[in-house]
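Visitor: I am new to this structure. Please pick one part and take me through it closely, then show me what else is worth a look.

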Amino acid sequence: MRKPFRARAVGAILGLAVVATACGSGDGATEGDPIRIASFNFNESVIVAEIYAQGLEANGYTVERQLNLGAREVVKPALESGEIDLIPEYTGTVAGFLGVEASADSDVTWEAASAAWEEMGITLLAYSPAQDKNAYVVTGETAEEFSLTTVSDLQPVAGEMIFGGPPECPERPLCLQGLQDVYGLEFAEFVPLDVGGPITVTALEGGEIDVGLLFTTSGVIAANGWVSLEDDMGLNPAENIVPAIRTEVVDAYGDELVALLDSYSEALTTEDLTAMNARADLDQEDPALIAEEWLTTNGFIGT
């Protein structure tokens, strides 16, 4: 049974990394400590964190932003220690990071991650239908030269190729570690870059790397005619976006806060993510303005 979008009193609720500015503009400010909303250090995470932040501000909550905080190695301890309160997470990745099994089943993956984090005072709210998974990407020319359509197709040629991804990639089960364990891929070299961002894009464009780690919702893949290799052996699990929030924050603010965050999750789609990422990554639009437009279009805030 799907863990959906319903207001539910959760025993352990998400550590909310909150956005920094003013009191909410909704009718009647909601009293309490500011909710500190954080994001990982890539545009999609910043956009979703801004959706949470601006939506809560519009309903009277005071938020503080800690955007582009860093990788999960930085964010997870900050959430668990109470330095931040809320962050948009990815169910499969956080499950693996917590040492529990993730799968292609969204419910199973959510339940495993929730149970693992609950004892540390973190709750996962209802997950969104929107998903974003790791994408192993090559240029169109490389795909044609080596007849590449799946990740398995890399097996005969990986030893001659350079792989580029985030600095933590060699230790990540869904990055180099998983590519080696699941597919048996040993690349000639690994180049530490950014988290699916402009540095990786530039390196792939310039031929400095042969395979790059991007995201399935990245607008740059289609725009450049690149090929996202099919994960034919199922390395990547379900990766639904989900608010992760400290239980203390949920206990303090109650069902109203949960219902608001659940409503944003319910409305967010993979297509939305892809379109918003293209605007941020290709058109260099401000993530905060992109988030504001999404909230307005979906009726969560006024014009």
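Guide: Start with helix 2, residues 72–81. Its buried residues are Arg72, Val75, Lys76, Ala78 and Leu79. They span an arc of only 170 degrees around the axis, so they lie on the same side of helix 2. Just after helix 2 comes Gly82, with a positive phi of about 90 degrees. Keep in mind that this is a predicted model.

Asn68 is not a glycine, yet its phi is positive, near 55 degrees. Most residues other than glycine have a negative phi. Is Asn68 buried, partly exposed or exposed? Its relative accessibility is 48%, so Asn68 counts as partly exposed. The cut-off for exposed is over 50%.

Ser147 has a relative accessibility of 55%, so it counts as exposed.

Strand 6 covers residues 162–165 and pairs with strand 7, residues 189–192. The two strands are parallel, and four bridges join them. Within this pairing, Gly164 stands opposite Val191 of strand 7. What do strand 6, helix 6 and strand 7 make together? They make a β-α-β unit, and the unit is right-handed. Helix 6 here is residues 176–183.

Strand 6 has another partner. Strand 8, residues 211–215, runs parallel to strand 6, and two bridges join them. Here Phe163 stands opposite Val211 in strand 8.

Phe163 also gives us a way to Val137. The two residues are 26 apart along the chain, and their C-alpha atoms are separated by 9.8 Å. Val137 belongs to strand 5, residues 134–138. Its relative accessible area is 0%, so Val137 is buried. Which residues does Val137 contact, leaving aside its neighbours within four places in sequence? Among them are Val211, Gly212 and Leu214. The list also includes Leu204, Asp210 and Ile221. Trp226, Val227 and Ser228 are in contact with Val137 too.

Next, look at the cysteines. A search of the whole structure finds one disulfide. It joins Cys169 to Cys175, with an S to S distance of 1.7 Å. The angle about the S-S bond is -85 degrees, and the link is left-handed. Cys169 is buried, and Cys175 is buried as well.

Finish with the whole chain. The chain holds twelve helices and ten strands. It has 303 residues, and 55% of them count as buried. The chain exposes about 12200 Å², with 49% of that supplied by carbon and sulfur atoms. Take the contacts between residues at least 6 apart in sequence. Of these, 77% join residues at least 24 apart.

Key
Residues numbered from 1 in each chain as written. Predicted model: local features only at pLDDT ≥ 70, side-chain atom pairs only at ≥ 80, totals over all residues. Heavy atoms only, no water. Disulfide = S-S within 2.5 Å. Buried < 20%, exposed > 50% of the residue type's maximum accessible area, 1.4 Å probe, protein only. Pairing = 2+ DSSP bridges. Right-handed = clockwise from strand over helix to strand, strands pointing away. Contact = heavy atoms within 4.5 Å. Arc of directions from axis to C-beta. Areas by Shrake-Rupley, 256 points an atom, 1.4 Å probe, with all protein chains shown as cover.
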